[in-house]
Amino acid sequence: MRRSGHSQVRFWFLAALIGATAGFAALFFRKGIETLQAYLYGTDDTLHLHSFAETLPWYWVLGLPIVGGLVTGLILHLFTPDARVRSVADVIHGAAMQDGRVETREGVASAFASLITLSTGGSTGREGPVVHMAAVIASRVSKWIGADGLTARDLLGCAVAAAVSASFNAPIAGALFALEVVLRHFAVHAFAPIVIASVAGTIINRLEYGGITEFHLPEGNVLEFYVELPAFVMLGLVCGVVASVVMRSVFFAEDLGNAIEDRTGMPRWLRPALAGAALGGIAIWFPHIIGVGYETTSATLTGQIVLGQAIGFAVVKVIAVAITMAGRMGGGMFSPSLMIGALTGLSFGLIATGVFPEVSGSHTLYALAGMGAVAAAVLGAPISTTMIVFELTGDWQTGLAVMVAVSLSTALASRLVDRSFFLTQLERRGVHLAAGPQAYLLAMFRAATLMRRNDDPGAADATRCEEMIEDGIFIDGEATLEEAMPLFDKAGVPFIPVVGRPDAEGERELHGALFHVDALKTYNSALAATAAEEHS
């Protein structure tokens, strides 16, 4: 692979192998959730888990999420340094800034934690842990073959595409998700292997579940074409607002959880258990929040829910998702977004068709469009989400309505947050991927690796460096170009002294100097390499 490059046919066989492996991982994760849910809730029909949970004793519905949260907290406490679940945002970060690699130990722990969460009443989706599991597989293969950054990123895209395809029986959407969300480009060199891997993952799914779609829609989803299109424009804007509320609710709850944890000094492993207690209390009255929520989503798409229920269920689901994510219990955002979007769309559709019945099609069409619109805005992925809605439902005749709603919701929500839920997560950690490579590439280079040491040819004048240090113009060796470049502009100097940490007397040792010209050369080379990869 290192000699011939990843464009060779042999890479396609590797893509197929990784696709099959990631497909099996996604399948086993899904089967594991179903098996554990069936055992813990005492039913073989996990597709109608919410209805069955209504018949269980209240203490069982309350207790399961608490126990699950406690187990999840202990797993994350023991196997991750920050007790945080790894998910899609970490995969995006790995693709952009870590040469296509993600953490292995933390990733495996996160997968087990999410498995427990989704099996014991957590209110999230399975795509987040599945995507990260696939990324772990790709990272191990990249390490094994000694892949460079370009090859490793393509392998990462292959694994992610296969995992999404296998999880949702959606090969087209799986491939587009890897390109649009994870790699964040549509380079031709990556397209063929990612499609091959996506097909391989889909085959794994269909060997177990066949070619069926996740949701079955009623007949008669007819769009009254031109007359009804303005309503879908309005729906798209409404869904954009709803999506931003969902995302901001999660971030608000996370900040609140952090503040409570800091002020009370409670052990970090207890946080998921407390979140589980809150979820259990809600589930006693609203069992539809349990798990990925496909039963409620399916009922919404078939019009089995009335207006009051749809609005109420959507509000409660947003609260439950925020609690689950802020409680660091694990899971993904895609499935909850589908459910909230479907409920939003149905609510809008019931009102719209009630006000203008003579020029309206089916209100369930609004549920379908809303499902795609909210999910696309949360993921920041209008193309792949549009495709996955079609593949999940098998309804290709209503594409115009879905596309209009998706495009408007994504455009609006992307301006209310940093492009998407995942990119906003990274922005909150100080990783500026949303602004593009011109922003995040600066953070990839440390001053210590680019500086000219004191004994190097062309080193900076030591006396001048000491004078600049006295004037407060210096940087630490661990600083990045992200911190150095603004200082160059502010001070107007050709170089900046690089110093070590202060000693007991507050003195700093001079290690060398970072020259502006060296920083610019490195930055320009990185930009050129990124552009070449994205357009190859």
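Of the 153 residues in the largest nonpolar core, those that touch the most other members are Phe177, Ile194, Ile388, Phe421, Leu433, Ile475 and Leu514. A nonpolar core is here a set of buried Ala, Val, Leu, Ile, Met, Phe, Trp, Tyr and Cys residues joined through side-chain atoms within 4.5 Å; buried means under 20% relative accessible area, with a 1.4 Å probe and protein chains only. Helix 15 gives the most to this core, with 13 residues. Helices are DSSP runs (H or I, at least four residues), numbered from the N terminus. A second, separate core has 16 residues, including Leu49, Ala283, Ile290 and Ala320.

The model is predicted, so that local features need pLDDT of at least 70 and side-chain atom pairs count only at pLDDT 80 or more, whereas totals for chains, interfaces and linings use all residues. Residues are numbered from 1 along each chain as its sequence is written, and side-chain values use heavy atoms, with hydrogens and water left out.

Beyond its neighbours within four places in sequence, phenylalanine 421 is in contact (heavy atoms within 4.5 Å) with Met247, Val250, Phe251, Met325, Met333 and Val378.

The structure holds nine aromatic pairs. Rings of Phe, Tyr and Trp (its six-membered ring) pair if their centres lie within 6.5 Å; planes under 30 degrees apart count as stacked, over 60 as edge-to-face and the rest as tilted. The rings of phenylalanine 232 and tyrosine 366 are stacked, because their centres are 4.4 Å apart and their planes are at 5 degrees. This pair links distant parts of the chain, with phenylalanine 232 in helix 10 (residues 225-264) and tyrosine 366 in helix 15 (residues 363-379), 134 residues apart. Both phenylalanine 232 and tyrosine 366 are buried. The rings of phenylalanine 421 and phenylalanine 422 have centres 5.8 Å apart and planes at 75 degrees, so this pair is edge-to-face. Phenylalanine 421 and phenylalanine 422 are both buried. Ring pairs also join Phe232, Phe348 and Tyr366 into a cluster.

A charge sits over a ring if NZ of Lys or CZ of Arg is within 6 Å of the ring centre and within 35 degrees of the ring normal. Arginine 30 lies over the face of tyrosine 209, 4.2 Å from the ring centre. The charged end of arginine 126 sits over the ring of phenylalanine 168, at 5.3 Å from its centre.

The axes of helix 4 (residues 88-97) and helix 8 (residues 171-183) come within 9 Å and cross at roughly 75 degrees. Helix 4 and helix 8 are therefore roughly perpendicular, a term for angles of 65 to 115 degrees. Axes are lines fitted to C-alpha atoms, for helices over the stretch in contact, and angles run from 0 to 180 degrees between N-to-C directions. Val88, Val91, Ile92 and Ala95 of helix 4 make the contact with Phe177, Val181, Val182 and Leu183 of helix 8.

Definitions and conventions:
Helix = DSSP H or I, 4+ residues; strand = E, 2+ residues; numbered from the N terminus. Buried < 20%, exposed > 50% of the residue type's maximum accessible area, 1.4 Å probe, protein only. Parallel < 35°, antiparallel > 145°, perpendicular 65-115°, else oblique.
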